[in-house]
Amino acid sequence: MKKTNPNINKENKVISIRGLKKAFEDYKVLRGVDLDLYQGENLVVLGRSGTGKSVLIKIIAGLLKSDKGQINVLGQDVNKLKSKELDELRLKIGFSFQNSALYDSMTVRENLEFPLLRHSRDLSQQEIDNLIETVLDAVGLAQTINQMPSELSGGQRKRIGIARTLILRPEIMLYDEPTAGLDPITSIEINNLINEVQRRFNTSSIIITHDLTCARDTGDRIVMLLDGQFQRQGTFEEVFNTDDKRVKAFYDYNFIE
Amino acid sequence: MDTEEPVVKQPKRRYLISRKVDRVFQNLYDVYKFVIRFFKEVFLPPYEFKEIIKQFYEVGLRSLPLISLTGFIIGIVFTNQSRPSLTEFGATSWLPALISIAIVRALGPLVTAIIAAGRVGSSIGAEIGSMKVTEQIDAMEVSATNPYKFLVVSRVLATTLMIPILMMYTVFVALMGAYINIHQNEQTSFTTFMVDVFDAITFLDIFASLFKSILFGFTIGMVGCYKGYNSSKGTEGVGKAANSSVVTAMVLIFIEELLTMQVINALRAL
């Protein structure tokens with residue numbers, strides 16, 4: 001069980017969402033979601049596949065447009081931002097994709113350089129090399145620097161994906177199913193990495209998952225998405241200490257104990 | 001925390017004509033927006049020079065072996081097939097002029113474009129399609145990089161500028177194939193062959209071929225990028241994107257060939 005991060009600043013909401021609704025054709029995915037993420041907090045969003053967890057963080061990152069609701073990220077309303085303003089905001093958000101989304105025609109170094117070369121043009125090659133070394137050390141994969149993504153294992157790809165987002169020093173991290181498709185030991189390593197990133201880089205994170213071990217090990221607070229709304233929130237125990245059959249079924253299916 | 005809201009079914013979507021017809025118009029509008037965006041983005045900084053040069057290499061240099069082989073064979077075969085008809089009238093000396101007109105006006109641009117549609121168009125469609133379904137395009141977007149500029153502008157620029165160059169190379173190689181065949185059969189010297197070749201064509205022919213090649217190149221790049229950018233449904237979608245990039249580009253190339261031929265013939269008649 002994760003110990004709650006003592007550095008969480010409950011005075012400072014880095015993300016605040018009110019009444020978020022999103023539908024695809026006739027299918028209502030999110031039906032009025034309210035959410036707050038505090039500075040320094042790891043918030044886990046739990047839910048079954050297809051409940052709109054990924055849609056939620058894609059809306060936060062501006063990859064999808066919401067149908068209704070207010071999405072406030074670092075004090076800015078995402079819906080009202082112009083393209084350039086949204087890009088500036090995105091530099092403060094790190095997004096770790098479910099399948100890592102590494103650029104497969106580039107080496108690990110080129111993947112890590114890619115955002116730097118476009119947004120930190122005043123950096124010298126030495127400074128870029130130092131930054132790459134720092135983030136590769138942080139994810140424990142310094143030896144893979146010249147490898148192609150196709151030569152990496154699933155766990156390594158996830159780590160490099162996280163390293164690529166860390167290189168721009170984001171204030172917020174969004175993890176989309178960070179342990180999906182990984183073996184239990186690699187999953188634990190990724191969970192530890194998420195906590196390490198929170199400590200070392202002082203990030204606030206939303207972790208989307210249906211893996212209860214990941215939720216238990218990384219979340220300072222857990223919210224459960226059911227039928228397009230958050231039904232329960234609290235610590236891991238508080239969320240699952242209920243008679244709600246849907247929540248119990250979710251817990252039992254994961255065979256956590 | 002929210003209270004549970006009763007599930008309300010959304011009203012059925014209304015269509016202007018029918019779902020299929022609406023979708024056709026919607027697609028046409030999407031294509032229009034996609035093409036217009038190129039002209040807006042191509043002139044605005046930042047410029048992705050490294051990626052553009054990489055694409056020049058991919059489109060140009062890596063197409064050379066196939067273009068060389070095809071162009072050379074076409075030159076030989078076309079000369080061989082034309083000879084019997086001219087021999088009947090004792091007009092084999094017209095062979096260089098005939099070959100020159102056919103290759104410079106039609107075969108050179110068309111063959112280059114068709115080879116490029118097959119080799120480059122499909123590869124662009126598959127590459128961008130695969131990047132789309134593996135969320136690499138989304139990854140660029142969340143890192144505040146413009147994926148359209150990086151992927152589409154660089155590739156469309158490369159095909160638009162490289163295919164005219166490849167076309168001139170194809171014409172040269174095809175003429176060399178034709179010369180070898182003519183020299184073997186009619187003992188025509190290289191100088192005589194070249195004089196006959198350039199006597200038969202005009203500046204308008206060369207200009208028209210260059211213009212057509214630029215148009216074909218733009219079409220190949222744009223179609224490949226559009227199909228890739230809008231692919232969906234996982235690996236199946238990537239295959240479809242690659243396939244329809246080639247088919248759509250080829251159909252458009254033939255339509256463009258037909259239309260430009262009419263315009264150029266009208267200009268020639270002036």
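In this predicted model, the contact between chain A and chain B draws on 25 residues from chain A and 16 residues from chain B. Five elements of chain A, namely β2 (27–39), α2 (83–90), β6 (93–96), α3 and β10 (229–234), each supply at least two residues of the side that touches chain B.

**Side of chain A that touches chain B**

- Among the contributing elements, β2(A) gives the most to the side of chain A that touches chain B, with four residues.
- By class, the residues on that side of chain A divide into eleven nonpolar, five polar and nine charged.

**Annotated domain**

- An unreviewed UniProt entry carries the annotation "domain: ABC transporter", which covers residues 15–252 of chain A.
- Over residues 15–252, chain A is 39% helix and 26% strand, and the end C-alpha atoms of this stretch are 31 Å apart.

**Packing of α3(A) with α5(A)**

- The crossing of α3(A) and α5(A) is right-handed.
- On the α3(A) side the contact is formed by V108(A), N111(A), L112(A) and P115(A), which meet I160(A), A163(A) and R164(A) of α5(A).
- Sorted by class, the contact of α3(A) with α5(A) has five nonpolar residues, one polar residue and one charged residue.

**Packing of α5(A) with α6(A)**

- The crossing in which α5(A) passes α6(A) is right-handed.
- From α5(A), the residues that make this contact are G155(A), K158(A), R159(A), I162(A) and L166(A), while α6(A) brings T186(A), E189(A), I190(A), L193(A), V197(A) and F201(A).
- The contact of α5(A) with α6(A) has, by class, six nonpolar, two polar and three charged residues.

Notes:
Residues numbered from 1 in each chain as written. Chains lettered and ligands numbered in written order. Predicted model: local features only at pLDDT ≥ 70, side-chain atom pairs only at ≥ 80, totals over all residues. Left-handed = near helix turned anticlockwise from the far one by under 90°. Contact = placed C-beta atoms within 7 Å. Nonpolar A, V, L, I, M, F, W, Y, C, P; charged D, E, K, R; others polar. UniProt positions renumbered as here; feature names shortened; annotations may be inferred.
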